[in-house]
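Here's a quick tour of how two chains sit against each other. Have the model open and follow along.

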Amino acid sequence: MRNLLITISLALALCGTSFAVFYYANDDAAMHHAAREGDAMKWLRTEFKLNDQQFAAIQQLHDDYSTQCADHCAAIMAARRRTSSPAEIAALEKICVDAMTRHFQQVAALMPPKEGQRYLATVLPRIADYDHHRAPNLQATH
Amino acid sequence: MTSPESNEELSRQLQAWQVNPPANPRFRADVWTRIQTLQAPPWTTYFRLHFPAVCSALALAFFLGGLSGRVSAREKVERESAQLATEYVRSLDARSMRMP
């Protein structure tokens, strides 16, 4: 009985140690850091394993697109403010979606091909999943 | 020297003396547990005697611990990644901006 208890204790200790070792081996500290700070660009760099050069080029593209996005945002908000027709708002939103899609394709082109495909597979469905009725409570930041 | 009278007195008292210890319902079980403990071989001997079973149990524990550690870590990273991906797209989506 005593030996059986010793064996069970050893097995439990080994199980716990193995859990800890494999947990830390498969953990991603950079991802946790990005999640804690809500830093989407840090996520992009970590998730798609970008080197400094690729990241700098994508950051530049992102900054350029932010200006374009701000224009689209202003146009959509102005249309909503003056309670424009749904067709007009839909047309403005389509411009926004097309621009976003183009931007994502340009970003993907700056990544290694395999990572670029994975990036597009990650972001494009999220454009399509946009739900007007569950729009996030965000203020325009750019 | 003691007198014959005092010996008779002692004998009477000894004859009248009764010991009534409280009954222990686990007496037999406790005795057997002590015997088994004394008879149990050391763990190293136990390990040699049950080598395949003990090794299998330890290997299984290592495998299950490692697998659950890996799955837990990957799930957490994937959850955070999905959340950040949504934030990333949302930050570039003019449709999601609200009027101030």
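Contact here means heavy atoms within 4.5 Å, and helices are DSSP runs (H or I, at least four residues) numbered from the N terminus.

## Ground rules

This is a predicted model, so local features need pLDDT of at least 70 and side-chain atom pairs count only at pLDDT 80 or more, while totals for chains, interfaces and linings use all residues. Residues are numbered from 1 along each chain as its sequence is written, chains are lettered from A and ligands numbered from 1 in the order in which they are written, and side-chain values use heavy atoms, with hydrogens and water left out.

## Helix 3 of chain A on helix 4 of chain B

On one side of this pairing, A:Ala40, A:Met41, A:Trp43, A:Leu44 and A:Glu47 come from helix 3 of chain A; they meet B:Ser81, B:Leu84, B:Ala85 and B:Tyr88 in helix 4 of chain B. By class that makes 7 nonpolar, 1 polar and 1 charged residues (Ala, Val, Leu, Ile, Met, Phe, Trp, Tyr, Cys and Pro count as nonpolar, Asp, Glu, Lys and Arg as charged, the others, Gly among them, as polar).

Helix 3 (residues 40–47) of chain A packs on helix 4 (residues 51–91) of chain B at an angle of about 125°, with the axes 9 Å apart. Axes are lines fitted to C-alpha atoms, for helices over the stretch in contact, and angles run from 0 to 180 degrees between N-to-C directions. The two helices are therefore oblique to each other (under 35 degrees is roughly parallel, over 145 roughly antiparallel, 65 to 115 roughly perpendicular, the rest oblique).

## Helix 6 of chain A joins in

Helix 4 of chain B also meets helix 6 (residues 113–128) of chain A: their axes come within 9 Å and cross at roughly 60°. From helix 6 of chain A the contact takes A:Tyr119, A:Thr122, A:Val123, A:Arg126 and A:Ile127, and from helix 4 of chain B it takes B:Ala82, B:Ala85, B:Thr86, B:Tyr88 and B:Val89. Those residues divide into 7 nonpolar, 2 polar and 1 charged.

## The whole interface

Overall, 38 residues of chain B and 55 residues of chain A take part in the contact. Together the chains bury about 4,500 Å², 69% of it on carbon and sulfur atoms (buried area is the accessible area, 1.4 Å probe, that two parts lose on being put together, summed over both). B:Tyr88, B:Leu92 and B:Arg95 supply 20% of the area chain B buries against chain A, more than any other three residues.
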